[in-house]
Amino acid sequence: MREKILNVLEKNGRISVHDLAILLGEDEIEVANCIGDMERENVICGYHTLINWDATTEEKVTALIEVKVTPQRGMGFDKIAERIYKFSEVHAVYLMSGAFDFTVIIEGKTMRGVAQFVSDKLAPMEEVQSTATHFVLKKYKDHGTILVAESSDERMLITP
Amino acid sequence: MRNPLSDKVLDIKPSGIRKFFDIVSEMKDAISLGVGEPDFDTPWHIREEGIYSLEKGRTFYTSNAGLKELKVEIARYLKRRCNLDYDYNHEIMVTVGGSEAIDLALWAMLNPGEEVLIPQPSYVSYLPCTQLADGVPVIINLKEENQFRLTKQEFLDHITDKTKVLILPFPNNPTGAVMTRADLEEIAQVIIEKDIFVISDEIYSELTYTGEDHVSIASLPGMFERTVLINGFSKAYAMTGWRLGYACAPRLLLDQMLKIHQFAIMCAPTTSQYAAVEALREGDEDVKQMRESYNQRRRYVVKRLRDMGLECFEPYGAFYVFPSIKGLGMSSEEFANQLLQEEKVAVVPGTAFGDCGEGFLRISYAYSLNELKLALDRIEAFVKRHMPEEKGE
């Protein structure tokens, strides 16, 4: 049941427990309990809104930063990651395989703001060997949702 | 001037859906639950394969029966999903939608005056195609109390010494009924005893919600040689506009169907055939996801309809719900027309699928949850307004 609930919620975080129970053919109370359990266990970590900021007047820049670090003895990468992800500007941190160690995604108001964060906060960290900053120019698709498409139902109104 | 028209064609009644379509088309901003095709786009990897085939310049005819790769994939698919063994070389042909295959099968099998048993409510083409092929349609009116399945007794009651073919349209459009293995075994027994053949239209075979896989009647003992199995890509892979289906039958039958196809059609669209190869090779996961999505919406629509006081048997296949409106004291057509006028929601009257569809509506749930909600809210308002007061309390 968990997986089924998550599959629906992942695409529609606003659905009511009542409707969700109907869709899945499950008991409403059981569904509510299951969601509660998953919230407590941090399986469900939050309910966010997917916003296409490009369609608003709000200025936002997103940057993807490749970071190479020296892992600390006994702590591996986790301690360094923590020092990075605790900054509120940091949107996401992933440990990567390959040529660099972390992907850090930063959201800021201006390019200058992001640059400042990299030069003042990230690059000077003792464990950080190097950074490479890439600014996002346009978001086409985010979280599995196409941001640029208009969808319309082109089917005929009545077909056999 | 002489009358240029054929009496046979003139005798064929125009589709009941057509009439309603014209009314709906004139209605501005009507919302519709009347569509008989998926709301999903064809999965991108399948479309991409079609585009690629065009880029590569694969713009020629294929062989009459279809691309070898596609026939091989169809044979593999039928083995994997239905445990059927069809020889891709002689027992499978690719057609322009399942509808062409229905037509071909009837042409290939019927002599003038031979009877075709057509269970109704069902898809609109069986009856006129039978008439065009000089067959005599014999309608079996399916009953709600049997969940619109064909029972052995109903079948036996309609058999005469002229009966040649039974059409078996399950999972069913418009009722959503499915036949279980046990149901099919009873039918198969009669078919063999009475020496009849079956055209099994299994276009909705991937869309069943019983938790058990679809059973094809062709897979039952003694039935392979008596069955023309029809399926296609429209419903399972959301590929209606690609116009691609297929027929499988013993060579004796298929050779003759192919002969008609060869003269009338040449071959199914080449681009669509390449896309369909990809669908069968890599599309299982897409089908699974779409099925789950339909199933969720099915539960929602059934619950809403029952909550508003409409009787509604549990449909376990296709993407239609077939509620009864008998409590409202109006005919299906009146209900559909008034609903359209008053609430601007289009549904299809059950009578479009046969006279025994009177008292029912076909509601399609191939729509997003939000659209369904909006439409069902309006239907609910309509039903409340027109439902006669309970007597007594």
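Between chain A and chain B there is one salt bridge, meaning a side-chain nitrogen of Lys or Arg within 4 Å of a carboxyl oxygen of Asp or Glu. The pair is A:Asp19 and B:Lys373, with the closest N and O atoms 2.5 Å apart. On chain A's side of the contact, α2(A) gives the largest share, four residues; helices here are DSSP runs (H or I) of at least four residues.

A word on what you're looking at: this is a predicted model, where local features need pLDDT of at least 70 and side-chain atom pairs count only at pLDDT 80 or more, while totals for chains, interfaces and linings use all residues. Residues are numbered from 1 along each chain, chains are lettered from A in the order written, and side-chain values use heavy atoms, without hydrogens and water.

Now step back to the whole meeting place. Chain A brings 15 residues and chain B brings 32, with contact meaning heavy atoms within 4.5 Å. Together they bury about 1900 Å², 62% of it from carbon and sulfur atoms; that's the accessible area (1.4 Å probe) lost on being put together, summed over both parts. A:Arg155, A:Ile158 and A:Pro160 supply 40% of what chain A buries against chain B.

Finally, look inside. The largest nonpolar core has 66 residues, and A:Ile5, A:Leu20 and B:Phe335 are among those with the most contacts in it. Such a core is a set of buried Ala, Val, Leu, Ile, Met, Phe, Trp, Tyr and Cys residues joined through side-chain atoms within 4.5 Å, buried being under 20% relative accessible area (1.4 Å probe, protein chains only). Helix α13 of chain B, residues 369-386, gives the most to this core, with seven residues.

Note on methods
Buried area is the accessible area (1.4 Å probe) that two parts lose on being put together, summed over both. Helices (H or I, at least four residues) and strands (E, at least two) are DSSP runs, numbered from the N terminus. Buried means under 20% relative accessible area, exposed over 50%, partly exposed in between (1.4 Å probe, protein chains only).
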